[in-house]
Amino acid sequence: MPIRQVDGRFNVLSQAMEEAAFVNKIRSAGQIAFTIFAPSDEAFEKITPQRRRAIMNDKEARSALLQNHVLPHPLCFPAITEEYNMKTLSGKRLKIDCDKKGVTVSGNGMKNEYILGNNGVIHISNTVLLPNRAKSLLELAQDEGLNTFLELAKIGGFEESLSKFGDYTIFVPSEAAFAALPQSEMDEIQSSQEAAQQFVRYHGTQGRLFTNKIKDSQ
């Protein structure tokens, strides 16, 4: 039975699962029991409506998001006594841990509440667990600790652009690469908005480029 029919707090999640035919995928899995970390509607409200629409209208991002909330086996929270890394349906891993306040999934607190079904268990999440495919370029750079590039993006006024969904490819220099530059060159890049803009634009291009699709001399 769809989550929406069992509990009225998961309308956004239920709609996404139905539109992606994700419910049918779970039903067709036979005897496999699942664990779903189900973000409530309140959890989705923490994401701006514009951002939420962008994720849901992107089939790959929506699919990655849904898979990131499902484990292909049942999990009861009382069994969590230390840190575990568990694979989701997408093959990515979530860090599951516990402390005095309760269980956390990827550092996010979970409500001490669950719903049992005939093919698994639903745990209620206070936060949407965003996979990389559903994150903006700005968030990915923050996750990777690319602080110098982020500083230049801020100076150049690109924070809003990098926080929006779009088809871009950015070749971001690592912190080690920036450290190898002479200080005089870094000072020049950071000296004005125009210089920072020129630097960031030189490292970006339109479209999603994948290394296995790049041709010689492209």
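This chat walks through a helix pair and a cavity in a predicted model.

Visitor: Let's start with the helices. At what angle do α5 and α6 pack?
Guide: About 95°. Helix α5 covers residues 49-57, and helix α6 covers residues 59-67. Their axes are 5 Å apart.

Visitor: Is α5 roughly parallel or roughly perpendicular to α6?
Guide: Roughly perpendicular. Angles from 65 to 115 degrees count that way, so the pair qualifies at about 95°.

Visitor: Which residues make the contact?
Guide: From α5, Ile55, Met56 and Asn57 take part. From α6, the residues are Lys59, Ala61, Arg62 and Leu65.

Visitor: How do the residues of that contact divide into nonpolar, polar and charged?
Guide: Four are nonpolar, one is polar and two are charged.

Visitor: New topic. How many cavities of 30 Å³ or more does the structure hold?
Guide: One.

Visitor: What volume does the largest cavity have?
Guide: About 40 Å³.

Visitor: And which residues line the largest cavity?
Guide: Leu13, Met17 and Phe22 are among them.

Visitor: Which one gives the largest share?
Guide: β1, with four residues.

Visitor: Last one. How does the lining divide by residue type?
Guide: Nine residues are nonpolar and one is polar.

Technical notes
Residues are numbered from 1 along each chain as its sequence is written. This is a predicted model: local features need pLDDT of at least 70, side-chain atom pairs count only at pLDDT 80 or more; totals for chains, interfaces and linings use all residues. Side-chain values use heavy atoms; hydrogens and water are left out. Axes are lines fitted to C-alpha atoms, for helices over the stretch in contact, and angles run from 0 to 180 degrees between N-to-C directions. Helices (H or I, at least four residues) and strands (E, at least two) are DSSP runs, numbered from the N terminus. Angles under 35 degrees count as roughly parallel, over 145 as roughly antiparallel, 65 to 115 as roughly perpendicular and the rest as oblique. Contact means heavy atoms within 4.5 Å. Ala, Val, Leu, Ile, Met, Phe, Trp, Tyr, Cys and Pro count as nonpolar, Asp, Glu, Lys and Arg as charged, and the others, Gly among them, as polar. On a 1 Å grid over the protein atoms alone, a cavity is a set of points where a 1.4 Å probe fits but cannot get out, and a pocket is an open set with protein on both sides within 12 Å along at least five of seven lines; lining residues have an atom within 4 Å of a point. Grid points are joined across faces, edges and corners, and a volume is the space filled by probe spheres set on the points.
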